[in-house]
Amino acid sequence: HPMLKLVPMNENEYDAFMQISAADHIRSRLEAGYWRSAEAEGNMAKLHAQILPRGFATPDHLFFNIVADENEPVGGLWYMVIEKEGRRMIFVMDIQVYPLYRRRGYGSQAFAQMEEQARQMGIAAIELNVFPQNHAARAMYEKLGYAGEGETMIKYI
């Protein structure tokens, strides 16, 4: 079936994606016991202010719609390009496959596209964090060649 594409988001799409991303992130932090629900919204706002001081326009942060065929986005991908130990890397901030479109391989295909982008940028490693209780995500990342015992996983491409 046709290859999935990563299409840069516009600012409206970014706003909608960030609401989904934030809600998911809050839920994961609460489930992991890292945050208490009373402080979750405030913590999330602080985190976004730190990570994205200029919002959509924050340098080195890239936001993509995951698009299958020619239709709607089936999800979104947010990564940043970082310098670590003298080499440029990609750090995956979030991937969302929207509920209607899950279990169709879109996450894996989006990662394959991102790896292609990384190679074109001369980037040799992709890093990400996975919450301890997110066994499905960890299984997908391991299948895709990411390794790491703790919450941080990495793949050299």
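Helices here are DSSP runs of at least four residues, numbered from the N terminus. One of them is helix H2, residues 37-51, and that's where you'll find His48. Keep in mind that this is a predicted model.

**His48**
- His48 has a relative accessible area of 18%, and since buried means under 20%, His48 counts as buried.
- Skipping residues up to four places away in sequence, His48 touches Met18, Ala22, Pro53 and Trp78.

**Phe17**
- Phe17 sits in helix H1, which covers residues 11-31.
- With a relative accessible area of 1%, Phe17 is buried.
- If you leave out neighbours within four places in sequence, Phe17 is in contact with Met9, Gly76, Leu77, Trp78, Asp94, Gln96 and Tyr98.
- Asn65 lies 48 residues from Phe17 in sequence, yet their C-alpha atoms are 8.9 Å apart in space.

**The nonpolar cores**
- The largest nonpolar core has 37 residues, and the ones touching the most other members are Ile90, Phe111, Met114, Tyr141 and Tyr146.
- At least two residues of this core come from each of H1, strand E2 (61-67), strand E3 (73-84), strand E4 (87-97), helix H3 (106-120), strand E5 (125-129) and helix H4 (135-143).
- There's also a second, separate core of six residues, among them Ile26, Trp35, Met44 and Leu47.
- Back to Tyr141: apart from neighbours within four places in sequence, Tyr141 is in contact with Ile95, Phe111, Leu128, Val130, Tyr146 and Met153.

Terms used
Residues numbered from 1 in each chain as written. Predicted model: local features only at pLDDT ≥ 70, side-chain atom pairs only at ≥ 80, totals over all residues. Heavy atoms only, no water. Buried < 20%, exposed > 50% of the residue type's maximum accessible area, 1.4 Å probe, protein only. Contact = heavy atoms within 4.5 Å. Core = buried A, V, L, I, M, F, W, Y, C linked by side-chain atoms within 4.5 Å.
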